Structures are given as structure tokens and as C-alpha cells.
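Work through the exercises below with the sequence and the 3D view at hand. Each task is followed by a solution in steps.

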Amino acid sequence: MAMAEEIAKRECREKVLVISGVGAREYYRMLGYSREDCYMVKAL
């Protein structure tokens, strides 16, 4: 995820969105993501 976030920053993106299943949401929360609709989102 760190690499994906770094690439998104280089491409001047404001946030990263990930489609995640219910079981993976806690993993993304630990990485600083929060839930928006069906996505886990992290502002860059």
C-alpha cells in the first residue's frame, strides 16, 4: 500500500480509494484509511 500511495502522490492525486471486503476493512483502518460508502479512503 505504501508504494501505491507514493505513486498516487507522484501523480498529484488527493486520495487513494480501495474497494475492500468486510474482512479487510480493519487492515485498511490500521493503515490510516476510513470508510466512505463501499470504499476505504485515505487522504494524501
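**Exercise 1.** Is Glu-26 buried, partly exposed or exposed?

Solution. The model is a predicted one.
- Step 1: the relative accessible area of Glu-26 is 48%.
- Step 2: the partly exposed class runs between the buried limit of 20% and the exposed limit of 50%.
- Step 3: Glu-26 is therefore partly exposed.

**Exercise 2.** How many salt bridges does the structure hold, and what does the pair Lys-42 and Glu-5 tie together?

Solution. 
- Step 1: there are two salt bridges in the structure.
- Step 2: in one of them, the side chains of Lys-42 and Glu-5 meet at 3.2 Å, N to O.
- Step 3: Lys-42 sits in strand β3 (residues 39–43) and Glu-5 in helix α1 (residues 2–10), so this pair ties together parts that are 37 residues apart in sequence.
- Step 4: Glu-5 has 11% relative accessibility and counts as buried.

**Exercise 3.** Which residues form the largest nonpolar core, and what is Val-16 in contact with beyond its neighbours within four places in sequence?

Solution. 
- Step 1: the largest nonpolar core has six residues, namely Ala-8, Val-16, Val-18, Tyr-28, Tyr-33 and Met-40.
- Step 2: with neighbours within four places in sequence left aside, the contacts of Val-16 include Ala-8, Tyr-33 and Met-40.
- Step 3: Val-16 is also in contact with Glu-5, Val-41, Lys-42 and Leu-44.

**Exercise 4.** Where does Arg-25 lie, and how far away is the nearest side chain of opposite charge?

Solution. 
- Step 1: Arg-25 is part of helix α2.
- Step 2: Arg-25 is buried yet has no salt bridge.
- Step 3: the nearest side chain of opposite charge is that of Glu-26, 9.6 Å away.
- Step 4: apart from neighbours within four places in sequence, Arg-25 is in contact with Ser-20, Arg-35 and Met-40.

**Exercise 5.** Which residues make the nonpolar surface patch of about 390 Å²?

Solution. 
- Step 1: the patch is made by Met-1, Tyr-27, Met-30 and Leu-31.
- Step 2: Tyr-27 has its place in helix α2.
- Step 3: with a relative accessible area of 42%, Tyr-27 is partly exposed.

Key:
Residues are numbered from 1 along each chain as its sequence is written. This is a predicted model: local features need pLDDT of at least 70, side-chain atom pairs count only at pLDDT 80 or more; totals for chains, interfaces and linings use all residues. Side-chain values use heavy atoms; hydrogens and water are left out. A salt bridge is a side-chain nitrogen of Lys or Arg within 4 Å of a carboxyl oxygen of Asp or Glu. Helices (H or I, at least four residues) and strands (E, at least two) are DSSP runs, numbered from the N terminus. Buried means under 20% relative accessible area, exposed over 50%, partly exposed in between (1.4 Å probe, protein chains only). A nonpolar core is a set of buried Ala, Val, Leu, Ile, Met, Phe, Trp, Tyr and Cys residues joined through side-chain atoms within 4.5 Å. Contact means heavy atoms within 4.5 Å. Patches are made of residues with over 30% relative accessible area and no salt bridge: like charges are joined within 9 Å, nonpolar side chains (Val, Leu, Ile, Met, Phe, Trp, Tyr) within 5 Å. Accessible areas come from the Shrake-Rupley method with a 1.4 Å probe; for residues, only the protein chains shown count as cover. Lys and Arg count as positive and Asp and Glu as negative; His and the chain ends are not counted.
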